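Trainee: Please take me through one part of this model in close detail. I want the packing first, then the residues behind it.

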Amino acid sequence: MSCHIIRQLLVENGINHAGHETKSNFEDVFENTPSEAGPVALGIFYSLFVYGGWQIVCGLMEEVKEPARDIPRAVYISFTIVIIQYVLVNISYFLVLTPAQFLSSNAVAIIFTQVHFPYLTPVMSILVGMSAVGVLNASIMGHSRLIFAGARNGHAPPVFGMLHVRYLTPWPAIIIKAVWSAVMLFSGSVKIFMQFIQAFSSVMTLFVVSALLYLRWSQPQLKRPYKVCYL
């Protein structure tokens, strides 16, 4: 909800400031942009990191009553909404901020607010923090279930397949994920953290999609809750 509020405020403010005086902000947007393979790859990694998180829904399938109906809907609807909102938000940034302001800030949403609504800066900071908590909650829910499922299938120590007696949550898997995340977070910078996460995620996604296509071709008779279209 906080993510939606932030994007809505940014988009509406950008629309209100649209005009001829903002046309120059879109001129030479990619000027001096590196064209080497390394920086381009890092740019793609950061972009994928922003749009990431959708795969968490796969780890929660057992907790959905009708996954064959709800999972595809959740993916298609959320993809469409998020892509439209992110594109509109970035357009709003360029409508309100100059490229120099855009590039010099580590928190564009905050400087966006400081420029035109300085009295709302604390509110925006709180909303950004709430958004981060929401992302953390989804990550804890989804990724801990992978460790839990691996333990049930014999791919991890059995202790990680245990559930809380009262809340029915995989608390050993959650604890080990929190400990390992803290170790990684304090062992380097956030940028390096994002790079390693996205590099690993990209490789694993490639393997998963390849396995999916191979199984669809080699074992078409298997029962599947839902199917995806071939590319």
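The protein has nine helices and zero strands (DSSP runs numbered from the N terminus; helices are H or I of at least four residues, strands E of at least two). Its pattern along the sequence is α-α-α-α-α-α-α-α-α. This is a predicted model, in which local features need pLDDT of at least 70, side-chain atom pairs count only at pLDDT 80 or more, and totals for chains, interfaces and linings use all residues. Residues are numbered from 1 along each chain as its sequence is written, and side-chain values use heavy atoms, with hydrogens and water left out.

Start with the whole chain. Of the 231 residues, 21% are buried (under 20% relative accessible area; exposed is over 50%, partly exposed in between; 1.4 Å probe, protein chains only). The protein exposes about 16200 Å², and carbon and sulfur atoms supply 71% of that area (Shrake-Rupley method, 1.4 Å probe; for residues, only the protein chains shown count as cover). Contacts (heavy atoms within 4.5 Å) reach along the sequence. Among those with a separation of 6 or more, 59% join residues 24 or more positions apart.

Now the close look. Two packed helices are described by the angle between their axes and the distance between the axes. Take H6, residues 108–116, against H7, residues 121–152. Their axes come within 9 Å and cross at roughly 160° (lines fitted to C-alpha atoms, for helices over the stretch in contact; angles run from 0 to 180 degrees between N-to-C directions). H6 and H7 are therefore roughly antiparallel (over 145 degrees; under 35 is roughly parallel, 65 to 115 roughly perpendicular, the rest oblique). The crossing of H6 past H7 is right-handed (near helix turned clockwise from the far one by less than a right angle; anticlockwise is left-handed).

Which residues meet there? From H6 come Ala109, Ile110, Thr113 and Gln114; from H7 come Thr121, Met124, Ser125 and Val128. By class, this contact has four nonpolar, four polar and no charged residues (Ala, Val, Leu, Ile, Met, Phe, Trp, Tyr, Cys and Pro are nonpolar; Asp, Glu, Lys and Arg charged; the others, Gly among them, polar).

H6 also packs against H4, residues 67–96. Here the angle is about 40° and the axes are 11 Å apart. H4 and H6 are therefore oblique to each other. H4 passes H6 in a left-handed crossing. Ser92, Tyr93 and Val96 of H4 make the contact with Val108, Ala109, Phe112 and His116 of H6. That contact has five nonpolar, two polar and no charged residues.

Beyond its neighbours within four places in sequence, Ser144 contacts Ser139, Pro170, Ala173, Ile174 and Lys177.

Lys177 belongs to H8, residues 171–185. Is it buried or exposed? Lys177 counts as buried, because its relative accessibility is 16%. With residues up to four places away set aside, Lys177 touches Ser139, His143, Ser144 and Ile147.

End in the loop between H7 and H8, where Leu168 is found. Most residues other than glycine have a negative phi. Leu168 is not a glycine, yet its phi is positive, about 60°. Leu168 counts as exposed, because its relative accessibility is 57%.
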